Amino acid sequence: MKCPFCSNADTQVVDSRTSEEGDAIRRRRQCGSCGKRFTTYERAELFLPAIVKKDGSRVDYSRDKLRGSLMLALRKRPVPAEAIDEALSSIEEKLLISAVREVSTKFLGELVMQQLKQLDTVAYIRFASVYKSFEDLQSFSEEIAHLTAPAENAKGHTKPKASTAKKGA
């Protein structure tokens with residue numbers, strides 16, 4: 001490993017540890033020439049599928065771009081950074097499990113919406129409004145009704161059913 005301070009190629013590993021998540025090895029190195037120390041991380045290189053956009057163009061998957069989308073939806077929401085990192089890892093895991101070379105933006109968007117629905121419903125609605133191209137208040141209302149319906153049923157509440165027959169008639 002080349003020293004980032006003096007560009008000398010002679011560096012030694014002083015200490016190695018696994019990261020807290022266990023997905024990387026953290027190495028402390030010391031330059032043999034200038035004596036300065038620095039840290040490197042060793043991670044497995046995973047090949048995530050390319051993303052096929054609506055216009056048919058293909059772009060490489062970008063964790064930073066996906067993080068930016070999540071952060072935009074979660075802006076000013078009480079969601080910890082660790083939860084966002086877990087959501088990103090979950091999305092990447094599903095992409096890897098899919099074992100395909102390319103995925104559509106639609107597939108990726110659905111994965112993001114699944115994670116946002118679990119993290120924060122307001123962020124989910126924000127993302128869905130752009131992703132699903134809501135054009136009016138009715139679209140928002142329908143999505144919110146769809147979002148809250150399972151929660152009401154889980155609490156033991158039932159939706160009132162429309163009745164066509166009148167009592168006593």
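## Strand pairing, helices and cysteines in a predicted model

Strand E4 (residues 50-52) is joined to E5 by 2 bridges, and the two strands run antiparallel. Within this pair, valine 52 stands opposite arginine 58 in E5. The pair belongs to an open sheet of 3 strands, in the order E5-E4-E6, whose pairing is mixed. Its edge strands are E5 and strand E6 (102-104), each of which pairs on one side only. Helix H3 (residues 105-119) packs on this sheet, where it touches E4 and E6, and the direction of H3 makes about 70° with that of E6.

The model is a predicted one, and its confidence should be kept in mind alongside the geometry. The protein chain averages a pLDDT of 81, with 82% of the residues scoring at least 70. Confidence is highest in strand E5 (residues 58-59), at 94, and lowest in helix H5 (residues 137-154), at a mean of 65. Over residues 154-169 the pLDDT stays under 50, and for this stretch the model has 5 contacts beyond four places in sequence.

As a whole, the protein chain has 5 helices and 6 strands, and from the N terminus on its elements run β-β-β-β-β-α-α-β-α-α-α. Of its 169 residues, 27% count as buried. Among contacts between residues at least 6 apart in sequence, 40% join residues that are at least 24 apart.

A further set of pairings involves strands E1, E2 and E3. Strand E1 (residues 11-18) and E2 pair in the antiparallel sense over 7 bridges, and in this pairing threonine 18 stands opposite isoleucine 25 in E2. Strand E2 (residues 24-31) is in turn joined by 7 bridges to strand E3 (residues 37-43), and these two also run antiparallel. E2 and E3 form a hairpin with 5 residues between them, and glycine 35, in the turn, has a positive phi of about 80°.

| Residue | Stands opposite |
|---|---|
| Threonine 18 | Isoleucine 25 in E2 |
| Arginine 26 | Tyrosine 41 in E3 |
| Arginine 29 | Phenylalanine 38 in E3 |
| Valine 52 | Arginine 58 in E5 |

Lysine 76, with a phi of about 60°, is placed in the loop between H1 and helix H2 (81-98), and at 72% relative accessibility lysine 76 counts as exposed. Alanine 99, with a positive phi of about 55°, lies in the loop between H2 and E6 and is exposed, with a relative accessible area of 66%.

Helix H1 (residues 63-73) can be described by its two faces. Leu66, Leu70 and Ala73 are buried in this helix; because these residues cover an arc of only 60° around the axis, they lie on the same side of H1. The face of H1 turned away from that buried side carries the exposed residues Asp64, Lys65 and Leu72.

In helix H3, glutamine 115 deserves a separate description. Glutamine 115 has its place in that helix and is buried, with a relative accessible area of 7%. Leaving aside its neighbours within four places in sequence, glutamine 115 is in contact with Ala87, Ser90, Ile91 and Lys94.

The cysteines remain to be considered. The structure holds 0 disulfides. Cysteine 3 is in no disulfide, the nearest cysteine sulfur being that of cysteine 6, 3.8 Å away, whereas a disulfide requires a pair of cysteine sulfur atoms within 2.5 Å. Cysteine 3 is buried, with a relative accessible area of 1%. For cysteine 34, the closest cysteine sulfur is in cysteine 31, and the distance of 3.7 Å is too far for a bond. Cysteine 34 is partly exposed, with a relative accessible area of 35%.

Key
Residues are numbered from 1 along each chain as its sequence is written. This is a predicted model: local features need pLDDT of at least 70, side-chain atom pairs count only at pLDDT 80 or more; totals for chains, interfaces and linings use all residues. Side-chain values use heavy atoms; hydrogens and water are left out. pLDDT is the predictor's confidence in each residue, from 0 to 100. Helices (H or I, at least four residues) and strands (E, at least two) are DSSP runs, numbered from the N terminus. Contact means heavy atoms within 4.5 Å. Two strands pair if DSSP finds at least two bridges between them. Buried means under 20% relative accessible area, exposed over 50%, partly exposed in between (1.4 Å probe, protein chains only). The arc is that of the directions from the helix axis to the C-beta atoms. Axes are lines fitted to C-alpha atoms, for helices over the stretch in contact, and angles run from 0 to 180 degrees between N-to-C directions.
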